[in-house]
There are 2 protein chains.
Amino acid sequence: MSKDKFESSDSTRSSRPLRHAQHADFKGPIKLQSGQKLPAVRVVYETYGKPNAQRDNAVLICHALTGDSHVASHNAKDDPGWWEVVIGPGKAIDTDRYFVICPNNLGGCRGTTGPNTLNPATGRPYGANFPAITIADIVETQRMLIDHLGIKKLLAVVGGSLGGMQVLQWAVSHPDRVAAAVPIATAPLVTSQALAFDIIGRNAITQDPAFRGGQYYDETRPNADGTFPSSVNVGGLAIARMIGHITYLSPKSMSQKFGGDRRSPRQIVSKFEKDTSVASYLAHQGDKFVERFDANSYIAMSRAMDAFDLGEGKALQKSLAPSRCRWLVMSFSSDWLFPPEQSLAVVRALLANGQNASYCNVRSDSGHDAFLLKDDLDMHGGLLAGFLAKICNGHGRKEEAEEDAHGQAPDTSIFHGRRVDYDQLERLVVEEVGGQTALDLGCGGGQLLLRLKRRSFKRLLGVEIDQQAVKACIARGIDCIHADLNEGLSIFGDKSFDCVTLSRTLQTVRNVDRVVEDMLRVGRRCVVSFPNFGYKPLREMLYAHGKAPEAPGLLRYKWYNTPNIRFFSITDFQEYCREKGATVHRLVALNTETRREVSGDPNLNADLAIFVISRK
Amino acid sequence: MSKDKFESSDSTRSSRPLRHAQHADFKGPIKLQSGQKLPAVRVVYETYGKPNAQRDNAVLICHALTGDSHVASHNAKDDPGWWEVVIGPGKAIDTDRYFVICPNNLGGCRGTTGPNTLNPATGRPYGANFPAITIADIVETQRMLIDHLGIKKLLAVVGGSLGGMQVLQWAVSHPDRVAAAVPIATAPLVTSQALAFDIIGRNAITQDPAFRGGQYYDETRPNADGTFPSSVNVGGLAIARMIGHITYLSPKSMSQKFGGDRRSPRQIVSKFEKDTSVASYLAHQGDKFVERFDANSYIAMSRAMDAFDLGEGKALQKSLAPSRCRWLVMSFSSDWLFPPEQSLAVVRALLANGQNASYCNVRSDSGHDAFLLKDDLDMHGGLLAGFLAKICNGHGRKEEAEEDAHGQAPDTSIFHGRRVDYDQLERLVVEEVGGQTALDLGCGGGQLLLRLKRRSFKRLLGVEIDQQAVKACIARGIDCIHADLNEGLSIFGDKSFDCVTLSRTLQTVRNVDRVVEDMLRVGRRCVVSFPNFGYKPLREMLYAHGKAPEAPGLLRYKWYNTPNIRFFSITDFQEYCREKGATVHRLVALNTETRREVSGDPNLNADLAIFVISRK
C-alpha cells in the first residue's frame with residue numbers, strides 16, 4: 001500500500017506553530033448573535049501578496065471546518081497550506097496580483113479566540129463554556145479584521161464548505177464591502193443527511209468519558225500562541241473525524257483508493273481497527289486529527305455549520321436579496337455532502353431576485369474535497385482565475401470583447417460555422433425586441449452575448465451544458481449558468497428577461513416541448529433559429545435518393561451520429577406555435593448559401609429560419 | 001413532529017421473547033471456515049405455511065445484519081415481523097402456498113448460538129471469545145437446519161443486504177439444493193465506503209469503556225432462551241446504529257423525513273444530542289437498539305459481512321460458476337450502501353458464465369431499506385411474486401404462453417401495433433438464423449421471446465428499460481435484464497447468443513453506433529427491424545408539403561415529441577452496414593399496408609425492413 005493514499009487534503013496540517021501568523025486583538029465586549037458576549041477577541045491570520053495603492057485587490061479566504069489561517073506556504077521552506085494548489089504566485093488566486101488574507105475562525109483552535117483559549121472571566125480555558133457561535137459571528141470578527149487592515153471593500157470573498165457559508169454570509173451582511181463572492185461546494189443550510197453525520201460525530205465526542213464535559217485541558221502548559229493543549233486523547237474526536245473523512249470522499253474515489261488492496265493494510269500503531277486498508281487509513285486519520293485539533297472547537301464549528309440557515313425557496317431568496325456583488329457559485333458533481341442541488345438553490349434564489357450569477361457544477365470524481373485537490377484544478381482553478389481577473393479589471397477591456405465577438409473570419413454558409421447568423425440575431429434582438437435584459441440558451445462561449453454587451457443590454461446571461469464553454473464565458477466576463485436545457489428552466493422566473501434566444505439548438509433538444517414552454521414563460525420575446533428541414537435541396541435529396549438528407553455545416557452528420565434529433569420545417573414550427581398559443585412576431589428566412597433573406601416561399605427556399613415569438 | 005418518522009423498518013422489533021420460535025440443536029464439533037470449532041450449535045427459527053407433499057415448496061428467508069427469525073407475524077395478535085409487508089397469506093411470498101423458513105443467524109443474538117450464548121467450554125457466555133464467523137458458516141448452519149426439516153431442495157432462497165450475501169453463498173455452496181435464488185440489495189463484497197462505515201461503527205463499540213473487551217454480560221440472569229443480557233449500556237453500539245441508519249436511508253428520504261421540521265425535535269430522554277428532529281430520531285434509534293441488540297453480535301455479523309468476498313470481474317465469475325439455479329437479482333435505484341452496480345456485477349458474472357438471470361433495478365426513493373418498506377412494494381413484491389410463481393409452476397403452463405403470444409387481435413398495419421411483424425421476425429430467427437439462444441433487445445413484455453420459447457430455443461433473454469415490462473417478462477417466465485441499451489451491452493460476452501434481435505427500436509436509440517457495435521459483437525446473427533424513412537409516401541409528404549412526415553403507427557408522433565429520433569432508410573442502413581464491415585445476409589422488406597413482402601425497389605415501396613446481419 002502506497003503512503004500516498006494516507007495523504008488527504010489536509011495531511012500536511014499539524015499543530016506545529018504557525019510561523020507566519022499575525023494577530024489582531026479587539027477589546028470587547030463583543031456581542032454574539034445569541035446575545036452572549038465575549039470580553040475580547042483575538043483574530044489570528046496570515047496574509048500573502050501586497051495590497052495595491054487603492055487597497056482594492058484584497059481577497060479574503062474563509063476556511064472550512066478544521067482549517068486554519070495557513071492557507072498556503074509563504075516561501076519554499078514553509079509548510080504547504082491547506083489550499084496550496086490554488087493560492088500562490090501565478091496560481092488561480094495569484095498572490096502576485098491579489099492581497100490574500102486568511103484568518104483562523106472564531107471558535108477555532110489555532111490561536112483565534114475559541115474554546116482552547118483563556119477565558120479572562122475565569123482565568124481558565126473556556127472549554128465547554130465557550131458560547132455558541134454562528135457563521136454570522138465568525139464573519140463579524142473577520143469584518144473587524146478587514147477594518148483593522150484598512151480594507152474598505154474586498155475584491156472577493158472565497159471559501160469552500162463551511163468557508164462557503166461564510167462567503168454567503170459576507171455577501172448579505174456586508175453588501176457594500178464585497179465586490180465578488182465565490183461560494184464553493186457549500187449550501188444555504190446543510191442537508192438532513194449531513195446534519196445527521198455531524199450529530200453522530202458530536203455524540204461520539206460528548207459520550208467519550210475522556211471528554212469530561214469539555215474540560216480536558218492541561219492548564220499548566222499553555223502553548224506559545226496562548227492556546228491550551230488537551231491533557232488526554234478524546235477518542236470520540238477520532239470517530240467524528242473518521243465519519244467526516246468518508247463524507248469528504250466520493251464512493252468512487254474510495255473504491256479507487258482502497259479497492260485494490262483492501263486486505264493489505266498499512267502497518268500502524270493505533271487502538272482502532274486496522275486490518276484492512278480502509279481501517280488503517282481511518283485509524284491513521286483519526287489519531288492524527290486528535291493530535292492536531294480540539295474537540296470543543298470541533299463541536300463549536302460543526303454546530304455553527306448546522307445552525308446556519310439562509311432558508312429554502314422564497315426564504316432563501318429573501319436572505320440573499322441584500323447582496324450587491326458578482327457571484328461565481330461552484331459545486332462538484334460527485335459531492336454528496338454538499339450536493340450540487342444546494343449550490344443551484346443559491347443560484348436560483350439570486351436569479352429570482354434579478355441578481356446575476358455564474359454557476360458551474362464541475363465534473364469530478366473527488367467528492368466534496370475536490371476543491372482542495374489538484375485533480376480538477378484546471379476547471380475549478382480556471383473558473384476562479386478567470387472570474388477574479390474580470391472582477392479585477394472592472395467590466396473588462398473593450399478591445400478584448402471586440403476581439404471575441406469579431407475575431408473569426410466570416411464564413412460563406414451558416415451551415416459551415418456558428419457565427420454568420422449572429423448579425424441577423426443581433427439585429428433582431430436589438431431592433432425587434434429591444435429591452436435591456438437577455439438570456440441566451442445554449443450560449444456556447446458567449447459570442448452572441450458579447451455582441452449584445454456592446455449594445456443597449458444591461459443584464460446578460462447564458463445557459464450552457466458544456467463546462468469548458470461555461471469557463472470561457474466567465475473568463476470573458478459573461479455570466480453563465482451551467483445547466484442542461486432538457487431538464488427545464490425552472491431556475492428562471494416568469495418574464496424575467498426581455499429577450500430569450502435559442503440559436504441553432506432546438507433541433508438537438510430531447511425535450512422540445514419543455515424547452516419551448518419554458519422559453520415562452522421566461523422571455524417577453526423569444527428569438528429562435530433553426531435549420532429548415534423543408535429547404536428544397538433537402539427535400540429533393542430524400543425524394544430522389546431515398547436517403548436521410550445531409551448538408552454541409554449543421555447537417556453534416558450521419559443519421560446515426562447526428563446531434564440533430566429533431567427534424568422540422570418552417571411550416572412545422574409555425575403550426576407548433578399556433579398549437580402552443582404563441583404569437584409569431586417576425587420570421588426572418590435566410591438562404592445562407594446566397595447569404596440573402598428569402599422573401600418567396602421561405603419553407604422551400606430558406607435553409608435557416610429565425611423566429612421572434614412570444615406568449616402572454 | 002409525527003411519531004411516524006421515528007418508525008424505521010424494524011421499529012417494531014424488541015427483545016420480547018420470540019413466542020413462535022422453535023429450535024434445532026446440533027452436536028459438534030462444528031468446524032468453521034476459519035478452522036476453529038464450535039462444540040455445538042443451536043439454530044432458532046420460525047416457520048410459516050406448510051410443506052407440501054413433495055416438500056418442494058420451501059422458501060428460506062435469510063435475515064440482514066440486525067434481523068432475527070421473526071420475519072412475519074404468525075397471527076393477528078402476533079408482533080409484526082421485519083418483512084411483514086412481503087410475507088404472509090396472499091402476500092408476495094405467499095404463506096398459503098409456500099413453506100417459509102426463517103432462521104436466526106449463527107452469531108446472532110436471538111437464541112441461535114452466538115456471543116451472548118453459553119460457551120460450554122467455559123460455562124460463561126462466549127462474549128468476545130466467540131470465533132470469527134463467515135457467511136459460509138452461517139449458510140452451513142442453515143443447511144443443517146434444512147436437513148433437519150427434511151427439505152431436499154429449496155424452492156428459493158431469498159434475502160436482502162447481508163441476507164442477500166447468504167443467498168449468493170447458498171447458490172454456490174449447494175447448487176443442487178436451490179431451485180431459485182433471489183439476492184436483493186446486496187453485493188459480492190461491500191464497497192470501500194460501506195466497509196468504512198462498518199469499521200467506524202466497530203471502533204465506536206470497541207473503544208467504549210463499557211464494552212470491557214466484550215465481557216459485559218450479566219451472567220447471573222440468563223434469559224429464557226438461554227441468551228445473556230448486557231449488564232451495561234454500550235453507548236458505542238448506539239453510535240454504530242446511528243451511522244447504520246443514515247446508510248439505510250437515501251438522502252432524499254432523509255430530507256423528506258426531517259427537512260420540514262428540523263428545529264422541532266421530539267421530546268425524548270437520551271444522553272445523546274436531541275435538539276433537532278434528526279438528532280432526536282438518531283438518539284431514539286440508538287438507545288432502542290442498545291436495548292434490543294448485542295454489541296458482540298453486531299461486531300461478529302458486520303465482520304462476517306465485511307469479510308464476504310466473491311471477488312470482482314473474472315474472480316466473481318468463477319465464484320458463481322457452480323450455481324445451477326434460476327436467478328432474480330434486485331437492486332434499488334437510491335440504494336447507496338449496496339449500489340445497483342454491485343447487483344449488476346453479479347448479473348454480469350452469471351451471464352458471462354452462460355447462466356441466465358433476471359435483473360431489475362427498482363426505481364425507489366427509499367434507499368437501501370426499500371425492500372423492507374411498502375413504498376415500492378408493487379414493484380419489488382410484484383417481481384418476487386411473479387418469479388416465485390413461475391419457479392413453482394416449473395416451466396410455465398403451456399396455454400398461458402400461447403395466450404400471451406397470440407392473445408391480441410391482428411392489426412392491419414405494423415405501424416398500428418407491436419406484433420404483426422413478429423410472424424416475419426419469428427420466421428427469420430428460426431429459419432434463417434437457427435441456433436438455440438436468443439437475446440431480444442428492447443423486449444417489452446417478452447412477446448417475441450415467448451414465441452421463440454415454443455420453438456427450438458433453449459436460452460432466451462430480454463433487455464428492457466421499462467421496469468413494468470421487466471416485471472411482465474418475469475411473470476411470464478421470461479428472463480429479462482433491466483437496462484438502457486444506450487449505455488451499452490458490455491454485460492454480454494462476444495458471440496454469446498446465436499441470435500440478437502432489435503425490433504423497431506433502433507430509430508429511438510440515442511447511441512446508435514454503440515448499440516449496433518455491441519449487437520454485432522454479442523450475436524452470431526442479428527435481426528434488426530425498423531421503419532423505412534425512404535418509403536414513398538413519406539418522401540412525398542416532405543417533398544410536397546415541406547413538413548416532417550407523419551404516418552399512422554410508429555410514425556404517428558409529432559416532430560417535437562416523437563421517440564423516433566433517428567430517421568433513416570433501407571439504403572442508409574445498407575451503407576451503414578458496409579461502413580461497419582457487417583455482412584447483410586437477408587433483407588425482408590415489408591409493406592404493412594398491403595401486408596406483403598416487397599420485391600421491387602424496397603427502399604421506395606417498403607415501410608418496414610427486417611435485416612439479418614452479422615460480423616465475424
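Strands are DSSP runs of E of at least two residues, helices are runs of H or I of at least four, and both are numbered from the N terminus. Two strands pair if DSSP finds at least two bridges between them. A:L439 has A:V500 as its bridge partner in β16(A). Six bridges join β16(A) to strand β17 (residues 523-531) of chain A, again in parallel. Here the bridge partner of A:F497 is A:G523.

β16(A), helix α15 (residues 512-522) of chain A and β17(A) form a right-handed β-α-β unit. Right-handed means that, with the strands pointing away from the viewer, the path from the first strand over the helix to the second runs clockwise. Six of the seven residues of β16(A) (residues 497-503) are buried, so the strand is largely enclosed by the rest of the structure. A residue is buried if 20 or more other C-beta atoms, placed from the backbone, lie within 10 Å of its own.

In chain B, the buried residues of α15(B) include B:V512, B:V515, B:M519 and B:V522. The buried residues of this helix pack against β13, β16, β17, α17 and β20 of chain B.

The contact between the chains takes 53 residues from chain B and 53 residues from chain A. Residues are in contact if their C-beta atoms, placed from the backbone, lie within 7 Å. On the side of chain B that touches chain A, α3(B) gives the most, with ten residues. By class, this side has 30 nonpolar, 15 polar and eight charged residues. Nonpolar covers Ala, Val, Leu, Ile, Met, Phe, Trp, Tyr, Cys and Pro; charged covers Asp, Glu, Lys and Arg; the others, Gly among them, are polar.

The largest nonpolar core has 403 residues. Such a core is a set of buried Ala, Val, Leu, Ile, Met, Phe, Trp, Tyr and Cys residues joined through C-beta atoms within 7 Å. A:A181 is among those with the most contacts inside it. This residue touches A:A156, A:W170 and A:W327, among others, not counting residues up to four places away in sequence.

The model scores ipTM 0.93 and pTM 0.94. Mean pLDDT (the predictor's confidence in each residue, from 0 to 100) is 92 for chain A. Over residues 395-418 of chain A, pLDDT stays under 50. Where pLDDT is low, the predicted coordinates should not be read in detail.

Residues are numbered from 1 along each chain as its sequence is written, and chains are lettered from A and ligands numbered from 1 in the order in which they are written. Local features need pLDDT of at least 70 and side-chain atom pairs count only at pLDDT 80 or more, while totals for chains, interfaces and linings use all residues.

Terms used: Contact = placed C-beta atoms within 7 Å. Buried ≥ 20, exposed ≤ 12 C-beta atoms within 10 Å, placed from the backbone.
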